[in-house]
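This report describes selected features of one protein model. Please keep the sequence and the structure in view while reading.

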Amino acid sequence: MADDIPDMRAANLNDWTGGRSIVSIGSNAGAVTLPFQGWKRFKEAFVPELIQRAVAEHPTSVRHIVDPFGGSGTTALAAQFLNILPSTIEVNPYLADLIECKLHPTDASTIGPNLTLLLQEASGLIVDPHAFFGAAPKTFVEPGQGDRWIFGVDLAREAAKLISALDAIQDVEVRRLFRVLIGSVLVDLSNAVISGKGRRYRKGWEKKISMGIDLRHRLISAISVAATDIARYSGQRSTSYNLLRGDSRELVKNFEPFDLAIYSPPYPNSFDYTDVYNIELWALGYLTGTESNRFLRSSTLSSHVQLLRSYQEAPSGSRLLDETLEKLDGAKGKLWNKNIPQMIASYFSEMIALIQDLAKAASPKHRQWLVVGDSRYAGIDISVAQILKELSESRGFAVEQMEAFRSMRSAPQQGGRLDLPETLLVIS
């Protein structure tokens, strides 16, 4: 058995989580939103308690934890509360900034004066929202295109002024925090919501009118919450971290030796996360045109077919994968996209390569904790956990745990039932 987590580590993380009750390790549903994690609504893959469990069950003392799919920063933030060095990778520049805002020890006392400066600077600006967001899709600002738009003119104008006013803030960390929070509250006021494979217009959005003053009020509230979180937990966690920005398939090779890898890769369900965050990416200037958009999307795992790309051949070593691909090929006439079989093959090729590359960078007694989710196309199940188990074992890895803990709802065309499992794999 592993040594107990030092009392100080457990106390700090338990203070953060508040000893809350969770439905499962893969869902925050029904649980109190944690400080830092409430800054941005996020489709969580697992909860911080999973990191605590992984550290407690590790056969040796854990000094370094890595996560190649940073997302909302759950792994890295929990590691800091456990006084363990975290390293993480995030390809989405908006989410990478969000992670860094959570991990970096910003001086909370500087936030209030800089908020005053931001609002004063924005009030004195005159900005044309159509010109400011000119590089974004045509539906961005009213009148949009085809009688649809994401932001009304008044809201877009205030957003443009606030984003422009960020240049007046000299503190890089505070400026980054404000930029992230502008993106968060701006999306909440937009005419779009996350649904299905991306974003859709809100029901009754035509009658929803958000004004610039609404954005100011929401931003002031969001910044106040963030400042409170930062001040409250100052000194209660480690301030060290490594954040790598870019394609995890390449950057995992740059990790320093680590003891634990805890991560949840994108599921092969055609959910394009760059599309899901495209409003923040365009509004805040992370994307500046079609080329930057395509580059970002091509730097992600082959988990969707929305982008034309070169797919890798299927890896050997899994009979179930071979059978699944054969079924998909036989059902091509029923698939909503002809590239789905190639996408699935490439997904598992990239995943097993990533598992192997992580192992090469790890300490001898390392463990990899993966949270993965199954998918379904034309009634054919993609049993991700079982396929990864077979691929890993064929390459000499041991699968120590395989724990199904939650069911996801399949797409309406696949039955719409809660019958797609999310599974924890522990590989050594």
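## Basis of the report

Helices (H or I, at least four residues) and strands (E, at least two) are DSSP runs, numbered from the N terminus. The model is predicted: local features need pLDDT of at least 70 and side-chain atom pairs count only at pLDDT 80 or more, while totals for chains, interfaces and linings use all residues. Residues are numbered from 1 along each chain as its sequence is written, and side-chain values use heavy atoms, with hydrogens and water left out.

## R216 in helix 9

R216 is located in helix 9. R216 counts as buried because its relative accessible area is 15%; buried means under 20%, exposed over 50% and partly exposed in between (1.4 Å probe, protein chains only).

The side chains of R216 and E158 are joined by a polar contact of 2.6 Å. A polar contact is a pair of N or O atoms within 3.5 Å; within protein, one must be able to donate a hydrogen and the other to accept it, and residues adjacent in sequence count only if both atoms are side-chain atoms. Apart from neighbours within four places in sequence, R216 is in contact (heavy atoms within 4.5 Å) with L119, A122, S123 and E158.

## Helix 3

Helix 3 spans residues 74-81 and is mostly covered, as eight of its eight residues are buried. Among them are T74, L77 and F81. After helix 3 comes N83, which has a positive phi near 60°.

## Aromatic pairs

Rings of Phe, Tyr and Trp (its six-membered ring) pair if their centres lie within 6.5 Å; planes under 30 degrees apart count as stacked, over 60 as edge-to-face and the rest as tilted. This rule gives a count of 15 aromatic pairs. The ring centres of F36 and W39 are 5.4 Å apart and the planes stand at 50°, so this pair is tilted. Both F36 and W39 are buried.

The rings of W149 and W205 have centres 5.3 Å apart and planes at 85°, so the pair is edge-to-face. W149 lies in the loop between helix 6 (129-132) and helix 7 (153-165), and W205 in the loop between strand 4 and helix 9, so the pair ties together parts that are 56 residues apart in sequence. W205 is buried, with a relative accessible area of 6%. Ring pairs also link W16, F36, W39, F81 and Y233 into a cluster.

## M211

M211 is placed in the loop between strand 4 (198-201) and helix 9 (212-232). M211 is partly exposed, because its relative accessible area is 36%.
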